[in-house]
Amino acid sequence: MSIRRLPSELVNRIAAGEVVERPASALKELIENSLDAEATMVAVRLGAGGLDLIEVTDDGSGMSPADMRLAIERHATSKLPDDRIEDVASFGFRGEALPSIASVARLTIESRIRDGNDGWRLAIDHGAAEGEGPASLPPGTRVRVEGLFDKVPARRKFLRSPRAEYAASLDSVRRLAMARPDVGFTLDHDGRRILSLQPSDGPTRVAALLSHDLDRHGLGIDCFRERLHLTGVVSLPTFNRGMADQQYLFVNRRPVKDRLLVGSLRAAYRDLLARDRHPIAALFIEVPGDEVDINVHPAKTEVRFRDPAAVRGLIVGGLRSVLDEAGHRSSAREQYAAPAAWQVEPVGGDASLALAPPPEQGSVWDHRPTFSTAPLPQGRAVAASPIAPADQHYPLGVARGQVAATYIVAEAEDGLVIVDQHAAHERLVLERMRRARANTEGATSVARQALLIAETVEMDEVECDRLEGAGSELADLGLEIERFGPTTMLVRATPAALGKADVPGLLTDLAAELAELGTALALRDRLDHVAATIACHGSVRAGRILSVAEMNALLREMEVTPHSGQCNHGRPTWIKLAHGDIEKLFGRK
Ligand code: ADP
Ligand code: MG
C-alpha cells in the first residue's frame, strides 16, 4: 500500500460530510454567506423541505465572475484578509461551504456586484463544471442547490421525510433571523409564504419568532458580569414545553447549540421545572473576542470559552435572579385574590412551609407511607380542632386549608398531610382516563365533552401536521381535533375526565410529545404517554384557589385511586408528617 494525496473532488466530498449534513445545514451556510455579504434582505425558497430545492437570494455585495470561480474552490475565502482567525466577525471563514455543497448536489450561483454591469451565472454538477455565462439579476447573489445527496446514496439514506427536513430548515432560518433582526427575511416552502420578517430590533424579532404567548409568560433579561453581557428573554417556569426545541442561544450574534450554555439554562431552572419539561429561551451573550474560540467545529455551532465558569455563572446567576423576582411577584398577586377557603398564613415571604428535615432522617420524603399498605391509624387521641374533627376513616385526613395556592394541608388522625394539588389532580385524571379506556375497550372512545364554541389554536405548521397525523388516536382518548388551516387547529371536544382545560397549552405539549415519541412505540404505549400529557392539563393547576369542599373531594378521590401517591413524573403527590415527626422537629422528642 502506498500513501497518496486525495483528489480535491474527494476531499470536498469528505468535508461535505461535516459541513452539509442535511438540507438545513446547507441552508444555514448559504444564509450565513448572504449575511456576511452585508445583505439587508434574504429570501429563501425551499422545495420538499430542501431535498429538491434550496435557494437563497440576497441583495448583498455580489461577486465578480472571477470571484465566483474562486468561491467554489476549497479554502478560498474573502473573510480572512490577514490570517487572524481570532478576530473574525463574519459567520464564514473556512471557505468550505460552497465547494462542499457543489460536490454533493447541482449548484448554480448567479451574482452581480453593485456597480458592475451584468450578472454572471456559474453551474456545477457534483463537482464538475457545467458551464457559465451572463445572467440577468438585480445586484446581489442567488445560490440554488438542487437534488442534494441525490447521487450520494450513503447520505440520502440518513435524510428524513420532507416534513422533518423542512422542520429543521425552518429552525435554521429562525436562528439566523434572530441573530440578525436588522435584516429582512422571507421563507417560501413549496410555493407558500411561511415567514415574512421586516428589519426590526431584537425584542420585536424574537417575539415574532418565538411562541406566541411569550409576551405574557416571558421575562426579559439584561445583566453583566465582568466583560460578559447577557440579554434576551426566557419563559416563566410554568410556561414550559415537553421538548427543548425552543431554546435559541447566541454568542456574539452567532447561533450556537453549545452544551455549556444549554446546561447552564437547565441549571437555572433546577427545582423550578420537572426533569422532562423545558423552558423557552432566546439568550444573547456578548463576550470579547479573546474570551471565546468559535473555530471548534466545521459547522461552528459549538464554541469554547476561555472561562467557562464565568459564562455559566452569568447565565445561572442572571436567570435565577429574574426567576426569583418573578416568583415573588406572582405569589404576591395570589395573596390578593380573595381566598374562597381559609388559608394558612405563609411563614415569612413566600416560603410557604419551610420544613427543616429532622436531623437523623434524610428528608421528609422518607415519611411518605405507602398508601395501599398503611393500616388505618387507631386508638390515638386527637386534639380538638376549632373547625372540624379529623375523621379517622380518612387516611389523607380532612382539609384544613391551602398554602401558596398550591398545597392542600389536611389533618389526618396520625399527622399532618400536605398534598401537591396539581400533581395529585394530574394523576387522578390519568387514572380516570385509563379506567374509561378500559371500560370502552372495543367501543368507540372515552367520554368527551363537546366545547360549546370550538376553540382554534395557532401553532407551527409542523406541529399541526403531527397532531393531524395522530387525530384518530387522540379521538380515542376523547380529544377531537381538526386541521383548520396550515397553522391552525380546531378543537371540538376534550376528554370528560379533564374538566376545564388549558387547550392551547395542551395541544402544544401534545405536538412536542408526538415529535419525541416518533412512530417507534406501539400504539398502546403511545396512548399512555399521550394520556399522561393530556392529564397534565387538567383544571386544578398550581396557583388555583380551591374551596374546602373541592379540597376534600380531591383527598377522597385520591384515597380510592390506585397509584395516586405519585404524579405522572414520579414525584410524590403528598407527604405526611406523623405526630412523632412533628415532635422531633420541635425538639420535643
Ligand atoms: P466562507 O463563507 O467560509 O468564506 P464559502 O464556501 O461559504 O466560505 O464561501 C466562499 C466565498 O464565496 C466567501 O468567502 C465569499 O467571498 C463568497 N460568497 C459566498 N456566498 C456569497 C454571497 N451570497 N454574496 C457574496 N459573496 C459570497
Ligand atoms: Mg460561508
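Reader: Is Phe 284 buried or exposed, and what is its relative accessible area?
Author: Happy to start there, with a predicted model in which local features need pLDDT of at least 70, side-chain atom pairs count only at pLDDT 80 or more, and totals for chains, interfaces and linings use all residues. Residues are numbered from 1 along each chain as its sequence is written, and side-chain values use heavy atoms, without hydrogens and water. Buried means under 20% relative accessible area, exposed over 50%, and partly exposed in between, with a 1.4 Å probe and protein chains only. Phe 284 is therefore buried, its relative accessible area being 8%.

Reader: Why do the rings of Phe 250 and Phe 284 count as stacked?
Author: Searching the whole structure gives one aromatic pair. Rings of Phe, Tyr and Trp (its six-membered ring) pair if their centres lie within 6.5 Å; planes under 30 degrees apart count as stacked, over 60 as edge-to-face and the rest as tilted. The centres of Phe 250 and Phe 284 are 4.5 Å apart, so the pair is stacked, with its planes at 5°.

Reader: How many residues lie between β11 and β12 in the hairpin?
Author: β11 pairs with β12 in the antiparallel sense over three bridges, and Phe 250 stands opposite Pro 255 there. Asn 252 in the turn has a positive phi of about 50°. The number of residues between β11 and β12 is two.

Terms used:
Chains are lettered from A and ligands numbered from 1 in the order in which they are written. Two strands pair if DSSP finds at least two bridges between them. Helices (H or I, at least four residues) and strands (E, at least two) are DSSP runs, numbered from the N terminus.
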